[in-house]
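Here is a friendly briefing to read alongside the model.

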Amino acid sequence: MLLSCGDALIDFLPSKTADGREALTPAVGGSCLNIAIGSARLDVPTGFVGGISTDTFGRMIADHAAESGVDLSRATRSNRQATLAFARVTGTETQYAFYDADTASRNWTYRRDAVALDGITCLHTGSTTLVHDKGAAETLALIEDARPNVTISLDPNCRPNLVRDEDAYRARMLAFCGKADIVKMSDVDFAYLFGDEAYAARAEALMSGGASLVVITRGNDGACAWHRKTGPIAAEAPVVNVVDTIGAGDSFQAALLAALHRLGRIARPRLGDVSAAELTRALSFACKCAAFTCTRPGADPPRSRELPADYW
């Protein structure tokens with residue numbers, strides 16, 4: 001099973017009323033929940049761990065996850081309110097305003113007895129959960145317990161508007177990268193964390209620090225990856241009619257993990273021996289799933305039955 005730990009929230013997405021006025025439509029989101037939903041829809045046994053409210057929005061989150069086949073038995077339900085994020089699309093980027101004080105997600109606490117790790121092959125984390133001290137500390141405790149037997153996947157999915165101390169945040173992300181086997185980030189995240197540094201140089205540094213696989217997504221330009229044994233690999237992004245890009249990065253990560261699972265390469269020893277052909281196939285599949293997600297509004301990753309046969 002794949003386990004995704006982190007944020008679960010409600011996105012309010014820009015829309016239009018029948019008479020053309022601006023409106024906001026609620027949709028279930030949160031990077032780590034999106035990744036759990038994306039991988040479950042691709043037929044990977046997947047669970048989610050984190051805080052989910054019992055309020056109206058929390059019930060929306062739980063129902064949506066359950067309908068996609070995500071196991072919520074490790075999640076913590078509380079009567080604290082759900083996190084809300086208001087989205088605004090500018091060009092190819094989506095900007096968010098978060099309302100996250102004293103929420104169920106923000107106040108999640110790792111309890112070893114409530115998070116069974118037996119049967120977990122990969123643990124994914126990242127995004128807003130790692131911005132705040134408490135969320136980062138609780139997630140780190142889970143990672144430390146899981147690392148001896150579980151592949152660790154990280155997508156920083158940076159949210160600069162939530163960061164108060166940029167130097168401390170960058171140091172924290174580097175520390176989490178040092179705990180991860182798979183590090184994926186967008187080109188925008190990379191620029192925020194590492195400035196003008198060359199991708200290859202940073203990938204080599206991350207692999208020297210313990211990562212087996214480093215992936216950079218580049219929007220319309222596809223994705224590139226570095227692996228200890230295969231060297232650099234690139235995959236193109238399909239040309240599609242883009243409705244919005246919300247959830248595209250999460251869909252990519254879910255599909256990448258699903259592809260590695262399908263290839264039998266998700267466990268740490270097997271990941272270390274992945275071939276160039278296998279990695280190319282996984283990257284290509286992830287790019288296609290991300291592009292598919294861009295063809296419809298919101299974070300709505302594809303189900304296996306929706307994908308053309310040639311995607312895999």
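Which residues do ring pairs link into a cluster? They are Phe-12, Phe-57, Phe-86 and Tyr-99, where rings of Phe, Tyr and Trp (its six-membered ring) pair if their centres lie within 6.5 Å.

Before going further, note that this is a predicted model, in which local features need pLDDT of at least 70, side-chain atom pairs count only at pLDDT 80 or more, and totals for chains, interfaces and linings use all residues. Residues are numbered from 1 along each chain as its sequence is written, and side-chain values use heavy atoms, leaving out hydrogens and water.

**Aromatic pairs**

- The structure holds 9 aromatic pairs.
- One of them joins Phe-12 and Phe-57, with ring centres 5.8 Å apart and planes at 85°, so the pair is edge-to-face (planes over 60 degrees apart; under 30 counts as stacked and the rest as tilted).
- Phe-12 lies in strand 2 (residues 9-16) and Phe-57 in helix 2 (residues 56-67), so this pair ties together parts that are 45 residues apart in sequence; helices (H or I, at least four residues) and strands (E, at least two) are DSSP runs, numbered from the N terminus.
- Phe-12 counts as buried at 12% relative accessibility, while Phe-57 is partly exposed at 25% (buried is under 20% relative accessible area, exposed over 50%, partly exposed in between, with a 1.4 Å probe and protein chains only).
- Phe-285 and Trp-312 have ring centres 5.2 Å apart and planes at 90°, so this pair is edge-to-face.
- Phe-285 lies in helix 9 and Trp-312 in the segment after helix 9, so their pair ties together parts that are 27 residues apart in sequence.
- Phe-285 is buried, with a relative accessible area of 6%, whereas Trp-312 is partly exposed at 22%.

- An open sheet is formed by 8 strands in the order 4-1-9-10-11-12-13-14, with mixed pairing (two strands pair if DSSP finds at least two bridges between them).
- Strand 4 (46-49) and strand 14 (233-235) are the edge strands, each pairing on one side only.
- From one strand to the next, the twist averages 15° (axes are lines fitted to C-alpha atoms, for helices over the stretch in contact, and angles run from 0 to 180 degrees between N-to-C directions).
- Strand 1 (residues 2-5) pairs with strand 9 (residues 122-126) in the parallel sense over 4 bridges, and Leu-2 stands opposite Cys-122 in strand 9.
- Helix 5 (residues 187-194) packs on the sheet, touching strand 10 (151-155), strand 11 (182-186) and strand 12 (213-217) (contact means heavy atoms within 4.5 Å).
- Helix 9 (residues 276-293) also packs on the sheet, and its direction makes about 30° with that of strand 14.

**Strand 11**

- Strand 11 pairs in the parallel sense with strand 12 over 5 bridges, and Lys-184 stands opposite Val-215.

**Helix 7**

- Helix 7 (residues 248-262) has 15 residues and reaches 21 Å from its first C-alpha to its last, close to the 21 Å expected at 1.5 Å a residue (1.5 Å times one less than its number of residues).
- Of its 15 residues, 12 are buried, so helix 7 is largely enclosed by the rest of the structure.
- Gly-264 follows helix 7 and has a positive phi, near 75°.
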